[in-house]
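Reader: I would like to learn how to read side-chain features in a model. Can we go through them one by one?

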Amino acid sequence: MAAAAGDSVKQPLLLQRGHPSHVASVSSPSLPTAPPGFAGRRFPGGLDVPNLKKRGAGTRSWIRVEAATASVQTLEVDKATMMRRCELPARDLRLLDPLFVYPSTILGRERAIVVNLEQIRCVITADEVLLLNSLDSYVLQYAAELQRRLLQRAEGDELPFEFRALELSLEAACSFLDAQAAELEIEAYPLLDELTSKISTLNLERVRRLKSRLVALTRRVQKVRDEIEQLMDDDGDMAEMYLTEKKLRMESSFYGDQSLLGYNSVGAGTSASAPVSPVSSPTESRKLEKAFSLCRSRHDSVKSSDNTATEHIQELEMLLEAYFVVIDSTLNKLTSLKEYIDDTEDFINIQLDNVRNQLIQFELLLTTATFVVAIFGVVAGIFGMNFETSVFSIQNAFQWVLIITGVIGAFIFCGFLWFFKYKRLMPL
């Protein structure tokens, strides 16, 4: 009875607080059901994208080139697996997505190098290269060439695997851009020469399209050049790219920690066992000596690894410098072509100014001739009027007026000709 009274008291309170009157009972709780016909209805204003994939559901095709065996295979891996495999954030893998347009980038991370150079989009690790699969011939050529170089590796070549893969990426990008620049040069120079000889709307439109392609190609070449120059100027970024040294350092530190743990476990087991004689037990000084020797060996290994990293930084800098020269030469070609186009435009503008000046001069001559003819018209109009003047009484007055008017007009016309021919006071 008390519980029922309590429920009857609580229910009005719930109603006063604005709760709905159809409160579910405690004995049989249930969720409100959807009204009939509501199933399958979309929210108003919702997006309906048929090809939109859920997060983590889409996979991409990757070409894997292994460093140890130089084997090439195709993998179907999703983005989350790639992030765990290479320990890369999502924003780095987004640079390799063909759905987005990003400029050329080379990023050094803890366990990988992210390369986005024109058609070559790959992730380079110390053990493998994961190349984004594409129908482009440059991608397939990159995988085949890397496999060939790994199989035919020279004996004296001590360049790490990641540097060899990066070198091939730079070589492919530089050769691709240089080939496009050479193709643009072959097409541009005859077209510009034809435009200087014959100015037409068709030639001007072709030059406009050519200049648009030139500007886009120059921007791409400039980005690759700036990326290489930025890497050359930063020793930290170049040291970050030496993945083999970091891998060996992690392995050596791991094995050193394992040996140190084994040594400590052995010491703990000896101390926990039955007491032995003082002659056979190690002294405290010997334990300290072993600890100091272990620390000294670690310090020497770290120092030697630093020296090795410095040497490899110099190797990477020389490698980048070689391709910096190549891409800078391509940029100089495009700059020279742009200057030639600008010179051609200036020459065409001078020709058009000359034609415009000739038209203005011809217009002034016509105006002068019209003025001279108008003088004769004025004389004829005066003598054609219907009134008596003393001029009409003079014998041959009309002929004399015409002669004087013609002389004055000829003098004015010749003066204009002399002025235009010798003074050259024409607007430019």
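Reader: Is Arg109 buried, partly exposed or exposed, and what is the relative accessible area?

Author: This is a predicted model. Arg109 is partly exposed, with a relative accessible area of 26%.

Reader: Which residue does Arg109 meet in a salt bridge?

Author: Start with the general idea. Side chains of opposite charge can pair when their charged atoms come close. Here the side chain of Arg109 meets that of Asp92, at 2.8 Å from N to O. Asp92 is buried, at 2% relative accessible area.

Reader: How many salt bridges does the whole structure hold?

Author: A search finds 23. Take another one, between Arg220 and Glu118, with the closest N and O atoms 2.8 Å apart. This pair also links distant parts of the chain, 102 residues apart. Arg220 is in helix H6 (residues 201-233), and Glu118 is in the loop between E4 and strand E5 (120-124). Arg220 is partly exposed at 30% relative accessibility. Glu118 is buried at 14%.

Reader: Which residues do salt bridges with shared partners join into one network?

Author: Arg64, Glu66, Arg85 and Glu128.

Reader: Now the rings. How many aromatic pairs are there?

Author: A pair of aromatic rings is described by the distance of the centres and the angle of the planes. This structure holds 4 such pairs. One of them is Tyr138 with Phe176, at 4.8 Å centre to centre and 80° between the planes. That pair is edge-to-face, because planes over 60 degrees apart get this label.

Reader: Where do Tyr138 and Phe176 lie, and how far apart in the chain?

Author: Tyr138 is in helix H4 (residues 137-151). Phe176 is in helix H5 (residues 161-197). They are 38 residues apart, so the pair links distant parts of the chain. Tyr138 is partly exposed, at 24% relative accessible area. Phe176 is buried, at 10%.

Reader: Why is the pair of Phe163 and Tyr242 tilted?

Author: Look at the angle. The planes of Phe163 and Tyr242 are at 35°, so the pair is tilted. Their centres are 5.7 Å apart. Phe163 is in helix H5, while Tyr242 is in the loop between helix H7 (235-240) and helix H8 (243-272). The two are 79 residues apart, and the pair links distant parts of the chain. Phe163 is buried, with a relative accessible area of 1%. Tyr242 is buried too, at 7%.

Reader: On to the surface. Which residues gather in the patch of negative charge?

Author: Asp233, Asp234, Asp235, Asp237, Glu317 and Glu321. H7 and helix H9 (284-383) are the elements that give two or more residues to this patch. Glu321 has its place in helix H9. Glu321 is partly exposed, with a relative accessible area of 43%.

Reader: Which residues make the nonpolar surface patch of about 520 Å²?

Author: Trp400, Ile403, Ile404, Val407 and Ile408. Ile408 lies in helix H10 (residues 397-423). At 44% relative accessibility, Ile408 is partly exposed.

Reader: Thr405 lies in helix H10 as well. Is Thr405 buried or exposed?

Author: Thr405 counts as buried, at 8% relative accessibility. The C-alpha atoms of Thr405 and Phe376 are separated by 6.8 Å. Along the chain, these two residues are 29 residues apart.

Definitions and conventions:
Residues numbered from 1 in each chain as written. Predicted model: local features only at pLDDT ≥ 70, side-chain atom pairs only at ≥ 80, totals over all residues. Heavy atoms only, no water. Phe/Tyr/Trp six-rings, centres within 6.5 Å; stacked < 30°, edge-to-face > 60°. Helix = DSSP H or I, 4+ residues; strand = E, 2+ residues; numbered from the N terminus. Buried < 20%, exposed > 50% of the residue type's maximum accessible area, 1.4 Å probe, protein only. Patch = residues over 30% accessible without salt bridge, like charges linked within 9 Å, V, L, I, M, F, W, Y side chains within 5 Å. Areas by Shrake-Rupley, 256 points an atom, 1.4 Å probe, with all protein chains shown as cover. Salt bridge = Lys/Arg side-chain N within 4 Å of Asp/Glu carboxyl O. Lys, Arg positive; Asp, Glu negative; His and termini not counted. Charge placed at Lys NZ, Arg CZ, Asp CG, Glu CD.
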